[in-house]
Amino acid sequence: MNVKIFGAILVILACGGMGFSIAAAYRMEEKALQQFISALEYMSCDLQYRMTSLPELCRQTSSQVKGMVGEVLMRLANELDRQISPDAESCMHAALQAVPHLPDSVRDNFLMLGQTLGRFHLTGQLSGLESVQQLCRRDLEGLRANRDVRIRSYETLGICAGVALVIIFI
């Protein structure tokens, strides 16, 4: 009898943990998008007033923004310095491969950023930064819509799934 109770508790904890991990990933994606928007704002301001070289711009921005976004920008700066890949887009692909747990929406926006960096003159790069920033804001607003309800639903669904499995198995 004790084994069944112990097993039931483990099943509920495992399923609940899964629900809470999905909610944590949701929060992490939201935070990464916020960091990415901050990074894009910093890059835009720096390009407008100082016109810093691209590797140095990425390095400075990575020091301003922490987390996964800062890590990707630092890796991008290193790739650009090494010039192994012929353009910024290829360097961005290499930098993104080195950061495996990046949310998909942030990864897609980084790929779009890689397509515009270093290809156009100043106004073209600024408009590219602005378009990526608008996409990030759109993604962030989509995540923030009914945020509390979604997070609570993920957590509740995990616990309820665990209870349902326990009921089925017992």
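Asp46 lies in helix α1. At 7% relative accessibility, Asp46 counts as buried. The model is predicted. Its features include 2 aromatic pairs and 11 salt bridges. The largest nonpolar core has 39 residues.

**Around Asp46**

- Beyond its neighbours within four places in sequence, Asp46 is in contact with Met51, Thr52, Leu57 and Gln60.
- Ser21 sits 25 residues from Asp46 along the chain, and the C-alpha atoms of the two are separated by 37 Å.

**Nonpolar core**

- Val69, Phe110 and Leu113 touch the most other members of the 39-residue core.
- Six helices each supply at least two residues of this core: α1, α2 (54-64), α3 (67-82), α4 (88-97), α5 and α6 (122-144).
- Helix α1 gives the most to this core, with 10 residues.
- Leaving out residues up to four places away in sequence, Phe110 touches Phe36, Val69, Val72, Leu73, Met92, Leu96 and Leu102.
- In soluble globular proteins, nonpolar side chains tend to be buried together.

**Aromatic pairs**

- There are 2 aromatic pairs in the structure.
- Tyr26 and Tyr154 form an edge-to-face pair, 6.0 Å centre to centre, with 65 degrees between the planes.
- Tyr26 lies in helix α1 (residues 2-49) and Tyr154 in helix α7 (residues 147-169), so this pair ties together parts that are 128 residues apart in sequence.
- Tyr26 counts as buried at 7% relative accessibility, whereas Tyr154 is partly exposed, with a relative accessible area of 31%.
- The ring centres of Phe36 and Phe110 are 4.2 Å apart and the planes meet at 40 degrees, so this pair is tilted.
- Phe36 belongs to helix α1 and Phe110 to helix α5 (residues 104-116), so the pair ties together parts that are 74 residues apart in sequence.
- Both Phe36 and Phe110 are buried.

**Surface patch**

- Ile5, Phe6, Ile9, Leu10 and Leu13 form a nonpolar patch on the surface.
- Together these residues have about 510 Å² of accessible area.
- Ile5 is in helix α1.
- The relative accessible area of Ile5 is 44%, so Ile5 is partly exposed.

**Salt bridges**

- The structure holds 11 salt bridges.
- Arg137 forms a salt bridge with Glu41, and the closest N and O atoms are 2.7 Å apart.
- Arg137 lies in helix α6 and Glu41 in helix α1, so this pair ties together parts that are 96 residues apart in sequence.
- Arg137 is partly exposed at 39% relative accessible area, and Glu41 is partly exposed at 35%.
- Asp81 forms a salt bridge with Arg59, with the closest N and O atoms 2.3 Å apart.
- Asp81 lies in helix α3 and Arg59 in helix α2, so the pair ties together parts that are 22 residues apart in sequence.
- Asp81 counts as partly exposed at 45% relative accessibility, and Arg59 counts as partly exposed at 23%.
- Arg75 forms a salt bridge with Glu71, the closest N and O atoms being 3.3 Å apart.
- Arg75 and Glu71 are 4 residues apart in helix α3, so about one helical turn separates them.
- Arg75 is partly exposed, with a relative accessible area of 33%, and Glu71 is partly exposed, with a relative accessible area of 33%.
- A network of salt bridges links Glu30, Arg144, Arg147 and Asp148.

Definitions and conventions. Residues are numbered from 1 along each chain as its sequence is written. This is a predicted model: local features need pLDDT of at least 70, side-chain atom pairs count only at pLDDT 80 or more; totals for chains, interfaces and linings use all residues. Side-chain values use heavy atoms; hydrogens and water are left out. Rings of Phe, Tyr and Trp (its six-membered ring) pair if their centres lie within 6.5 Å; planes under 30 degrees apart count as stacked, over 60 as edge-to-face and the rest as tilted. Buried means under 20% relative accessible area, exposed over 50%, partly exposed in between (1.4 Å probe, protein chains only). Contact means heavy atoms within 4.5 Å. A nonpolar core is a set of buried Ala, Val, Leu, Ile, Met, Phe, Trp, Tyr and Cys residues joined through side-chain atoms within 4.5 Å. Patches are made of residues with over 30% relative accessible area and no salt bridge: like charges are joined within 9 Å, nonpolar side chains (Val, Leu, Ile, Met, Phe, Trp, Tyr) within 5 Å. Accessible areas come from the Shrake-Rupley method with a 1.4 Å probe; for residues, only the protein chains shown count as cover. A salt bridge is a side-chain nitrogen of Lys or Arg within 4 Å of a carboxyl oxygen of Asp or Glu.
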